[in-house]
Amino acid sequence: MSDLERWQALKDGDKRALEHIYRDHAAVLFKYGRKFMPDAQLVEDCIQDLFIELWDARQRISATDSIRKYLFVSLRRKIVKTLDRQVKKIASEEPEERHFQADFGIDQLLIQNEMDAERESKLKTAMAALSERQREVLYLKYFADMDYNQIGEIMELNYQSARNLSHRALESLRQILLVIFIVWLCNFFGLI
Amino acid sequence: MKSETFTSYTSLDFAQEPSFIRWVRAGDEEAAVFWQNWLQEHPEKATEVAEGRLLARAITLREEEPSAMQLSNLWNRIDAATQDKSTVTDHTPVVPINRGAKIRPIRRWLTYAAAACVTLLLVAYFYNPTRSISAGIAEQKTHQLPDGSSVVLNAASKVSYHPLRWGLARKIELEGEAFFKVTKGRRFVVKTAQGEVEVLGTSFNVRARGNSFAVACVTGKVRVSNPNGEQILTPGLNTQTNENGDLVAPYTLTTQATAAWREGKFYFNDAPLQEVFEEIQRQFEVRVQTSPEIANRKVTTYFEGNNLDSALYNVCWPLRLETSTRGNLIIVK
C-alpha cells in the first residue's frame, strides 16, 4: 500500500492504518526525537500525543505524499514547543537554538588502515565542530533518507538553504577525508 | 531519474543524491543497477563517483534503538487513548494487535537471552587472554597461579598461561628458568621449547635456556619428556639433556644446589663455563667475552648473586683465568 492510500485509509477512519503507520515509523521517530531530548520518556510522550492528535484530527488532515515527512514535521514542532515551554519555565527568555545532539563518527572500515591517531582526532574535532543545524541536515539526509524538499519542510528552511547547509557540512568533511581518499584510491587501482 | 543531469555532478553532489545514498548506504538494488549502468556509460566520472561513495559512506552514528517492548507499550497507550472514539467496526483488529504486542516481547526476550548466552560462551572460549609474567635481567619474581600453585622466576625468564582455561588444564609455558611449587590436583604441565614436564603435586625446578634443558625434582613425582624420550624423577633427582639431546638417566643432586638460585646461590656441576658466564650475564646485567676454548671447559663451581666481583673471582680464580672489566664488558682470558 502506498503512502497516499494508507493516508486515505486513515482519513476514512481505519484504525489499522493508524497502527500500520505507527509500526512503520515509530522507531525512526523515536530516534529522531532523542536527538533533541535526551529524556526518552519525554520523547515517548511527544510521540503518543502526536498519534492521538493524528487520530482525532484524521478527517481534517491535509494530503501528503510522504507519511514519514509529515510525522517528522509534526514531531519536530511538538518537541520544539515542549522544549520552549521548559526553557521559559526555567528562564523567561526566548530560546535561541535547539540542541540537536547526534554522536557522529567515521566509518571504521575506511579509517582502520590508513589513519594515524592524529588524523583520527582531527576528524573527531571536525565532526564536533559541525553546527547543530548541520548535524540535523546530515542526520535527515543519511539516517532518515530525506531529500532537500523534505528537509526544508521539516527544518522550516527553503530548499536552497537546506542544500547549502548540507553542502557546507559535507565540504568540511571532505577536506579531512581527502587524504584518506587518495590512499584509498591508490589501493583501489593497485598503485601501492 | 534523469541520467543527463548527473554528468555535471561533483563528488559532493553525488554524496547528497538520495538514490546515490540508498545505493551506497543501504545497498538498494534498484539504485545499484541504475548507478552501475550510469557509471558504465560515463567512465570519466569514476573518480568523482568513488569519492562520492566514500563521503556518503563515511558518516556513522551511534544511536540507541528503542526496544520492541518500549514500542509495544507505547502503542498500547496510543491504542487505549484512541479506543473510545473509534467506531464499532474498528474494534475487530484490536484483538490480534494485543496478542502480537504481548507475545512478541517475551519471544524477543528469549531470543536475546539465548543469543547472549551463546555469545558469552563463545567469548569465554575464544577470548583467551594469555597472562605473561617475566623477570628482567638481575631480577627474580614470584607469581601465584590461579589454583594457589606458585612460580618463582629466575632472571631473564618468562612464563605465560591462560587464566580462564586454568581450571580445565593447568598448562604453563616457560622460557628460561623457574621453580614451581604445585598444589595437589589435576595434571600440571610445564611446556618449554626444549621439552615438557608433567607432574601431579610437587615442587621442582625447570631450566630451559638455549640448548640446555634441566629439571630437578624437590618433592613429589615429575615426568620429564622431550622428543627423544622421557624420564621419571623422584625427590632429589635431576635430569638434563646431553650433547645428543637425550635426557640423561636421573642423578642425585644435593637439594642444597637445586633451585638455590632462589636464595641467590648458583651451583654448577660439570657444566660448560659458557653456562656459568650466561648466568652471570643474567644476574648482573653485564656482558662476558671469552674465547671458545675457555667457554667449552667443564667446571664445577659456585657463585653468589649479590656481588659481581666475588662471583667472577669464585669462578675464574680456581681456573687461573684473568678478568678485566671495561664498563659493562668483562673480558675473560
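Which residues in H2(A) meet which residues in H5(B)?

## The contact of H2(A) with H5(B)

Tyr22(A), Ala26(A) and Ala27(A) on the side of H2(A) meet Leu71(B), Leu74(B), Trp75(B) and Ile78(B) on the side of H5(B), a contact requiring C-beta atoms, placed from the backbone, to lie within 7 Å. The residues of this contact divide into seven nonpolar, no polar and no charged, where Ala, Val, Leu, Ile, Met, Phe, Trp, Tyr, Cys and Pro count as nonpolar, Asp, Glu, Lys and Arg as charged, and the others, Gly among them, as polar.

The model is predicted: local features need pLDDT of at least 70 and side-chain atom pairs count only at pLDDT 80 or more, while totals for chains, interfaces and linings use all residues. Residues are numbered from 1 along each chain as its sequence is written, and chains are lettered from A and ligands numbered from 1 in the order in which they are written.

The axes of H2(A) and H5(B), the latter spanning residues 68-81, come within 11 Å and cross at roughly 130°; these axes are lines fitted to C-alpha atoms over the stretch in contact, with angles running from 0 to 180 degrees between N-to-C directions. H2(A) and H5(B) are therefore oblique to each other, since angles under 35 degrees count as roughly parallel, over 145 as roughly antiparallel, 65 to 115 as roughly perpendicular and the rest as oblique.

## Nonpolar cores

A nonpolar core is a set of buried Ala, Val, Leu, Ile, Met, Phe, Trp, Tyr and Cys residues joined through C-beta atoms within 7 Å. The largest has 62 residues, of which Ile47(A), Leu75(A), Ile151(A) and Leu55(B) touch the most other members. Its largest share, nine residues, comes from H2(A), residues 15-36. Apart from this core lies another, of 48 residues, including Val151(B) and Ile330(B).

Leaving aside neighbours within four places in sequence, Ile47(A) is in contact with Ala26(A), Leu29(A), Phe30(A), Gly33(A), Leu75(A) and Leu74(B).

Chain B has nine helices and 19 strands, taken as DSSP runs numbered from the N terminus (helices H or I, at least four residues; strands E, at least two). Of its 333 residues, 31% count as buried, meaning that 20 or more other C-beta atoms lie within 10 Å, against 12 or fewer for exposed and values in between for partly exposed.

Ala138(B), in the loop between strands E2 and E3 of chain B, has a positive phi near 60° and is partly exposed, with 14 other C-beta atoms within 10 Å. Arg320(B), in the loop between helix H9 and strand E18 of chain B, has a positive phi of about 60° although it is not a glycine, and with 6 C-beta neighbours inside 10 Å it counts as exposed.

Terms used. Contact = placed C-beta atoms within 7 Å.
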